[in-house]
Amino acid sequence: MDESRRVAIEAQDLAKRYDGLLAVDGVSFEVREGEVFGFLGPNGAGKTTTINMLTGLARPTAGAIRFLGQDYTHDVKKAQHLMGIVPDESNLYPELDGFENLSFCGALYGMRRSEREGRARELLETFGLAAVARRKFAAYSKGMRRKLAIAAGIIHRPRILFLDEPTTGIDVASARQIRQLLADLNRSGTTVFLTTHYIEEAERLCHRIAFIVEGRLVRVDTVANLVQDVQGRHIVQLALSRDIGELLDPLRQAFPGVEFERVAGGALRAVTAQPLPLAPLVRFFEDHGVAVTEARAIRPSLEEVFVRVTGIELERMKKEKEKGGGA
Amino acid sequence: MRAWIAFWNILWKDMRTYYLKPPNISWGLLFPLAWTLMFFIKSGSAVGEVRNILPGVMALSILFGTTSMLAVTVTFEKKGRSFERLLLAPIPLELLMLAKTAGAVLFGVANAFVPVVMAAFLVDLGGVAWWQMASAVVLIAVSSTFLGLFIAVSVSEVFEAQTFSNFFRFPMVFLCGLFLPIAALPVFLRPLSYVLPLTYGADVLHGAVNGAARLPLVADLSMLALFCAGLFWFSLYNVRRKWIA
């Protein structure tokens, strides 16, 4: 992300206290224009509370909120025209159809009838919902609801889009389509602030990621830096022409400082603290009558980083999310 | 201008999705009709009595129509989180709440004139101070709607909204001088009558229909306006305190 770009969202020492409980504790970050910023954390970490403060649904106990360089701490309402908001649960009107919902949302942003109806038709087409435009929202599937909620969030072409768990609980095809739509939106210049508990989604979509745990930001960085700095490991996976069980010990003796692990499918994984030169390794196998058919670098996963940084097991977090919750 | 586009669309959506629905139209017609018949029968079916009971039936039609509708619709939207969408829209909170309440006010005003139309077929309504009646109807509708709003922001479930509404409405019916003169109430209850907006609305209606107001018109209308402003201000305060906490 280009550092010279203007700061679209700035949170400075943002804090929120509810009945003596500090839900968000001095959170500070900047999101630049055109950036996709991921906000990750376990349930109850303060993600939704932070979004609520940024969008005007909650008042900060302390700290400052700026959008595009202007201070809106005491009146976020004045910045609401800049933003589109897609909450974690669809909050559209069940008694209205898809087209009416979009048109109504456009009206809330002061769009004139012809303008908002044209835009509603365009978005229904883009989101693959044109065929169900006249169906009541209550009769939509979960995936369709999420898509319509995102369409409603961008009906007025906001400069900043807040998305709270956009793909939670929907089918794989719809989730994939939503991710594609978000990537397209970002390419068109929209700044995206995204919370998700799908690490792979954050990894695929976000330029930078912030981890929040118990109301505090524990790390903000690019995906590449997060993975590299936290793990500092280089992994190469080799596909070999045969099983090399008997060669493991000589291999370890020949390459001290390199950890070798056999992985599923007969492949071998070499893990080092420094970049691993491949030529000596290939030569070693050739000398022992084994052909290296494929070698590829494995990027340490963000999931591991998340677990290390937050101390939370991802599976547990997903289960908690499915049971409901989130703060 | 942009905020007014939002205002009209919120009002129109509410009219379409809540107030102009057949069950509510039938409620708006049946409720005043039932009240009229009830008092008509109680008065010994004397047609001349219709004019005496008209202010009470009008006031009750407005009170029960507006408070219920607004308290239930806002609580319903809050529960379904669609109200959140309105709070996230770039329109001033005051205008948003006026848009949400305008539908209920119109519904209450329409309800009030159902018994008037029915009465017109039974008795001569000559001599009615129509402007006075209209101003009372509008102010009763506004204050009752804001009472509904006050209830809506105080509860979280639809059934609580109904229960809480009755907590205010039923005592009001008996204490506001609609059917039982305030002078006939036990002394210790009389001060309560004067802290109820409907007392002043009922007085204007009695004055408009039968020329039997106890307080000066200006005093009644000022008190009603004061209640409207107070309830609206307190509701906004509560919305800010509880929903934008």
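Among contacts in chain B between residues at least 6 apart in sequence, 80% join residues at least 24 apart; two residues are in contact if their C-beta atoms, placed from the backbone, lie within 7 Å. The model is predicted, so local features need pLDDT of at least 70 and side-chain atom pairs count only at pLDDT 80 or more, whereas totals for chains, interfaces and linings use all residues. Residues are numbered from 1 along each chain as its sequence is written, and chains are lettered from A and ligands numbered from 1 in the order in which they are written.

Chain B contains ten helices and zero strands, and its elements run α-α-α-α-α-α-α-α-α-α from the N terminus on. Here helices (H or I, at least four residues) and strands (E, at least two) are DSSP runs, numbered from the N terminus. The radius of gyration of chain B is 18 Å, close to the 18 Å that the globule rule gives for 245 residues, so chain B is as compact as a globular protein of that length. This radius is taken over C-alpha atoms, and the globule rule is 2.2 Å times the number of residues to the power 0.38. The C-alpha trace of chain B spans about 55 × 40 × 35 Å along its principal axes. Of the 245 residues, 44% count as buried; a residue is buried if 20 or more other C-beta atoms lie within 10 Å of its own, exposed if 12 or fewer, and partly exposed in between, with C-beta atoms placed from the backbone.

Helix 7 of chain B (residues 158–175) has 18 residues and should span 26 Å at 1.5 Å a residue, which agrees with the 26 Å between its end C-alpha atoms. The expected span is 1.5 Å times one less than the number of residues. Buried positions in this helix are A161(B), F164(B), S165(B), M172(B) and L175(B). Their cover includes helix 3 (50–79), helix 6 (130–152), helix 8 (190–193) and helix 9 (197–210) of chain B. Just after helix 7 of chain B, G177(B) takes a positive phi of about 85°.

The contact between the chains takes 21 residues from chain A and 18 residues from chain B. On the side of chain B that touches chain A, helix 1 (2–19) and helix 4 (82–87) of chain B are the elements that give two or more residues. Helix 1 of chain B supplies the largest share, seven residues. By class, this side has ten nonpolar, three polar and five charged residues. Ala, Val, Leu, Ile, Met, Phe, Trp, Tyr, Cys and Pro count as nonpolar, Asp, Glu, Lys and Arg as charged, and the others, Gly among them, as polar.

In chain A, five of the six residues of strand 9 (residues 208–213) are buried, so strand 9 is largely enclosed by the rest of the structure. Strand 9 of chain A runs parallel to strand 3 (residues 36–40) of chain A, the two being joined by four bridges; strands pair if DSSP finds at least two bridges between them. In this pairing F39(A) stands opposite A210(A). Strand 9 of chain A also pairs with strand 10 (residues 216–222) of chain A in the antiparallel sense, over six bridges, and here A210(A) stands opposite V220(A). The hairpin of strands 9 and 10 of chain A has two residues between the strands, and E214(A) in this hairpin takes a positive phi near 45°.

Strand 11 (residues 234–240) of chain A pairs in the antiparallel sense with strand 13 (residues 267–272) of chain A over five bridges, with I235(A) opposite V271(A). An antiparallel pairing over six bridges joins strand 11 of chain A to strand 14 (residues 292–298) of chain A, where V292(A) is the bridge partner of L240(A).
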